[in-house]
Each structure stands twice: as C-alpha cells, then as structure tokens.
Amino acid sequence: MSSAPELQPGDTVLVTDGPFAQFTGPVHAIDRERDRVQLIVRIFGDDTRIDVPLGTVEKAPNA
C-alpha cells in the first residue's frame, strides 16, 4: 500500500505507476479532495510540475 497519506510538501516521492513511473521528485502540493499530488520532476533537463493520482506515489527510498 502507498505511504501517500503521510506525505507532506517537500517530501521526495517515487511515482510507481502510469506514464511517469520511476520518476522521483519533491512534492509541491497535495490535493486530498481530488486525491492528487503535484510534484516537480526533471524531464529533458527541465524541472516540470506534474499532477498524478495520490495512490501512484510513495516516499522515495533514502529520502
């Protein structure tokens, strides 16, 4: 099960499913009403904000 309920902005997470699977980055915002999380990942050398389902992220190992 995901550790998403304990997430806080600034926590580093790993995306575990979907098109951004295996990306890691810090949590920017959590929208518990929509069950979504925004995080910043590096895509093609640029920091990009993505919005993914809360259930598809977990705290990154060694974070």
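Modeller: I'll go through the core, then the strands that contribute to it.

First, some ground rules: this is a predicted model, where local features need pLDDT of at least 70 and side-chain atom pairs count only at pLDDT 80 or more, while totals for chains, interfaces and linings use all residues. Residues are numbered from 1 along each chain as its sequence is written, and side-chain values use heavy atoms, with hydrogens and water left out.

Now the core. A nonpolar core here is a set of buried Ala, Val, Leu, Ile, Met, Phe, Trp, Tyr and Cys residues joined through side-chain atoms within 4.5 Å. Buried means under 20% relative accessible area, exposed means over 50%, and partly exposed is in between (1.4 Å probe, protein chains only). The largest such core has 11 residues: Leu7, Val13, Val15, Val27, Val37, Leu39, Val41, Ile50, Val52, Leu54 and Val57. Two or more of them come from each of strand 1 (12-15), strand 3 (36-43) and strand 4 (46-53). Strand 3 is the top contributor, giving three residues.

Zoom in on Leu7. Leaving aside residues up to four places away in sequence, Leu7 touches Val13, Ile30, Arg32, Leu54, Val57 and Lys59, with contact meaning heavy atoms within 4.5 Å. As a general point, nonpolar side chains tend to be buried together in soluble globular proteins.

Five of them form an open sheet, paired antiparallel in the order 4-3-2-1-5; two strands pair if DSSP finds at least two bridges between them. Strand 4 and strand 5 (57-59) are the edges, each pairing on one side only.

Some core residues also turn up in these pairings. Strand 2 (residues 24-31) is joined to strand 3 by four bridges, and Val27 has Leu39 of strand 3 as its bridge partner. Strand 1 meets strand 2 through three bridges; there Leu14 has Thr24 of strand 2 as its bridge partner. On to strand 5: strand 1 pairs with strand 5 over three bridges, again antiparallel. Here Val13 stands opposite Lys59, and both of those residues are on the list of Leu7 contacts.
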